[in-house]
Every structure is written in C-alpha cells, then in structure tokens.
Amino acid sequence: MRVLSLGGAGAVCQHATRDLAEFSDYEQIVIGDYDVTAAEKLAAEIGDPRLSVLQVDAEDYDGLVQTFRSFDVILNGLPWKYDLAVTKACVEAGVSGLDVSTEESQWDHDGAAKEKGIVFIPGMGATPVITNAMARRGADQLDEVDDIQIYFAAFRCPAPSPGLLVTFLWEFHPEIEARLYYEDREYHRADPFDGLKTMNFPGPIGEQEVYHIPHPEVRTMPKALGAKAVSVRGCFPPHAIRLAKAMLDSGLYSEEKITVKGIETTAFEMMYEVLLAIPESKETPLWAYGLVVEVYGKKDGRDLKYTYWNRHPGMEEWGGKAAYYKNIAIPLSIGVQMITRGDITVKGIVPPETALDPEIFFAELAKRRIEIHERVEER
C-alpha cells in the first residue's frame, strides 16, 4: 500500500511522516511537498528505505487529482486554505484521506464521497480529533447527552509557521462568524474573549483562562452525538493571549484598506507579515498541548459527568517544539492507518467522532505515549 504524506516535510506534518515510518507497515511512504529540498532532507534524517519524495503543487487542482489516483490513502497536512481542494481531489480520484483542519464547504461533498465509496475525515489534529474521541467515549456510555464542554491549551508561539500563525490570528478575529456555542438546541455567536472560564490542565500547563474559540466540534457534535449543548473554549500561552488582546483593542485586526509609505495594505496584513518576520513571535518557554473534555448526561436515570484529559511527554523527552507538534501530527498518522486497516467503515465526509472507535484510537495514542485519562462522577 502507498500513502501520500501531503505537506509531509512541514513544521507539523513532518512528525506525522516520522510516525508513519516508525509505526506503519505501508510498502511506500511518499513525502509530497512543494519544497523538495526540505522533503529530501527529512527522508534522509528518517532513513527508512520505504520513503521517497514527490514534488506536489497544491495550487494545481488537476495535478492533485492525477497524483492522488496512484495512492491508497492521503494524509493532508497542508495549511487550511487547501482543505477544500484536497477534499474535492480525493473525492474525484476516489481515494480516502483525512485533513489536519476543517473548512465548512468540505461537508458539501459528503454525497459524492459516499457514491465513490470513500471516507474523508476533516479535523484530525489534537483538537479537533483527540477531543472528539474523548466526547464520543463519554457519549457512548450515556443514555442521554446533555452537555459537552471542550477545553484546550495550545502552548506554542504565535508564529511557528505561516499556517499556524493564520490559525492563531483567525481564532481571535472579531469578524469570524464561526465562533459559536450550542445551547438549548440553538447556536449562539460569541465575540473574541467571550465565555471566560478558568480550567486546570494537568501537567506543566496548569491553570489557565479559556475563551470561546471557533471550532467545528460545535457544528458536528449536536448531530453526531445528540448533545443538547456543545462549547469549545481554548487558550494559548499568556504572552500570546496578551498579543491577541492588544491587537483587538488597537484595531490591528482591521481589514480596511490603508496606505503605508505608498503601499496599499491593511492593518491585519501588516501584523501578519510583522509577526511572521520577527524572532520574538517564534519563541515561547513551554511547548505542550493540554486537553480536557467534560461530558454531562444521564445513565439509568442517574446524572453523570465524564471527564477526560491528556498527558504526554514533556519538552525534554520529546524534543522541545515536538512536544506540541506531535499532539497534532500523531493523530494524522494513526487516522490513515485506521482507514487502511479497516478500523473505519463509514463512508462520506464525516467528523472524527463519527469515524473513530475511541478504544482503538486511544490504544494507538498510548503506543506513542499520549495518555488519555477518564473520571466519572455522579452529579
């Protein structure tokens, strides 16, 4: 079998490629990247004879379709702006795959994917995906799901890569309409930094303030898990949160056209370029990923609360920045292996909580030293 690790030499996805080399039994693992030099360097570092390199231009849709047809499964670690193109190309090529992030239009291709007999899973990082499996595990043990509350602490710098900088800025952008929470079976829109709560993340992250964040779990879980309420709150390191608040207070998210030294631009475009360029935006004292999910509901007439949280090796054991990146990348590798092993049987464009068996997924995480813990309490 052949797997394509698309964007497989990038900041995040290189760790998915490394995981494929260590844990999978694919006959060929192809690093598909526009930057051939980086891909060849990664292949040499890993040193697995199954690895090869293929230059892929994600701007060339027809080229994507043609390329995908020669593979058994596609692992997409490209920036979110390519999500829809990769999804459509997988459907047209008739090849299953998954994606590190989510774009709302991907769901429109569910019917076509079913017709082709393939599965494509958007949002297979840390959150969404590990959090989805946690929520699914709790929901599976309840007769009725009242509320799912998801919390994450993405402890990394604001601009480790262009794609991750876009993610950081997008999550606090005041114009984002997808910043929603689901309550009393209705959607409600939240502004940046609404929904303040304090959450304790086990391990070095500790107690942090979290806020409503635009995440797809709010859209998918009411239908997939029958939840009456769903919310996602998250945070970044304190210095990153201070930056986002200062940008918001100072109007630096504005996308109104301005002219600076004869160049037409926007405040938001300028901030993006500045943050991508300065070394300070690539620094943080702690690289880690904290996840907590609380699932409330009823079982045999009892009101129960299931709480889930993760633990992973620290920076010293996992190689500094990798202590953050692996939490996103490893689920990508596990997901494509579950697809080709037959652990995932649904077809169409489906969310992680529909596709994944939590027990299998958690067992695979444990092999990589990502632990998922559970506590149940009577309310």
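**Entry 1: helix α8 and what follows**

I count as a helix a DSSP run of H or I at least four residues long, numbered from the N terminus. With that settled, I went to the end of α8, where Gly226 follows with a positive phi, near 70°. A reminder to myself: this is a predicted model.

Which residues of α8 are buried? I noted Glu217, Val218, Thr220, Met221, Pro222 and Leu225, in a helix that spans residues 217-225. I then looked up what covers them: the list includes the helices α6 (130-140) and α13 (352-355). It also includes the strands β7 (144-155), β8 (180-183), β9 (186-189) and β12.

**Entry 2: α1 against α12**

Next I turned to helix α1 (residues 13-23) and helix α12 (residues 322-341), whose axes are 7 Å apart and pack at an angle of about 55°. The crossing of α1 past α12 is right-handed.

I wrote down who makes the contact. From α1 come His15, Ala16, Asp19, Leu20 and Phe23. From α12 I have Ala322, Tyr325, Lys326, Ala329, Ile330, Leu332, Ser333, Val336 and Gln337. Sorted by class, this contact holds 9 nonpolar, 3 polar and 2 charged residues.

**Entry 3: α7 against α10**

How do α7 and α10 cross? Their axes come within 11 Å and the angle is roughly 135°, with α10 covering residues 267-277. I therefore put α7 and α10 down as oblique to each other. Here too I noted a right-handed crossing, with α7 passing α10.

On the α7 side, Pro162, Leu165, Val166 and Leu169 make the contact. They meet Phe268, Tyr272, Leu275 and Leu276 of α10. The class count is 8 nonpolar residues, no polar and no charged ones.

**Entry 4: aromatic rings**

I used a cut-off of 6.5 Å between ring centres for a pair, and the count comes to 14 aromatic pairs. I picked Phe168 and Phe236, which are edge-to-face, at 5.1 Å centre to centre with 85° between the planes. Phe168 sits in helix α7 (residues 162-171) and Phe236 in the loop between β12 (230-235) and α9 (238-249), so this pair ties together parts that are 68 residues apart in sequence. Phe168 and Phe236 are both buried.

Tyr324 and Tyr325 gave me another edge-to-face pair, with 5.7 Å centre to centre and 70° between the planes. Tyr325 had already turned up in my notes as part of the contact between α1 and α12.

I also found one aromatic cluster, formed by Phe152, Phe168, Phe172, Phe193, Tyr211 and Phe236.

**Entry 5: Glu27**

What does Glu27 touch, leaving aside its neighbours within four places in sequence? The contacts I found are Met1 and Arg50. I also checked Glu27 against Leu51: they lie 24 residues apart in sequence and 9.1 Å apart in space, C-alpha to C-alpha.

Note on methods. Residues are numbered from 1 along each chain as its sequence is written. This is a predicted model: local features need pLDDT of at least 70, side-chain atom pairs count only at pLDDT 80 or more; totals for chains, interfaces and linings use all residues. Side-chain values use heavy atoms; hydrogens and water are left out. Axes are lines fitted to C-alpha atoms, for helices over the stretch in contact, and angles run from 0 to 180 degrees between N-to-C directions. Helices (H or I, at least four residues) and strands (E, at least two) are DSSP runs, numbered from the N terminus. A crossing is left-handed if the near helix is turned anticlockwise from the far one by less than a right angle, and right-handed if clockwise. Contact means heavy atoms within 4.5 Å. Ala, Val, Leu, Ile, Met, Phe, Trp, Tyr, Cys and Pro count as nonpolar, Asp, Glu, Lys and Arg as charged, and the others, Gly among them, as polar. Rings of Phe, Tyr and Trp (its six-membered ring) pair if their centres lie within 6.5 Å; planes under 30 degrees apart count as stacked, over 60 as edge-to-face and the rest as tilted. Buried means under 20% relative accessible area, exposed over 50%, partly exposed in between (1.4 Å probe, protein chains only). Angles under 35 degrees count as roughly parallel, over 145 as roughly antiparallel, 65 to 115 as roughly perpendicular and the rest as oblique.
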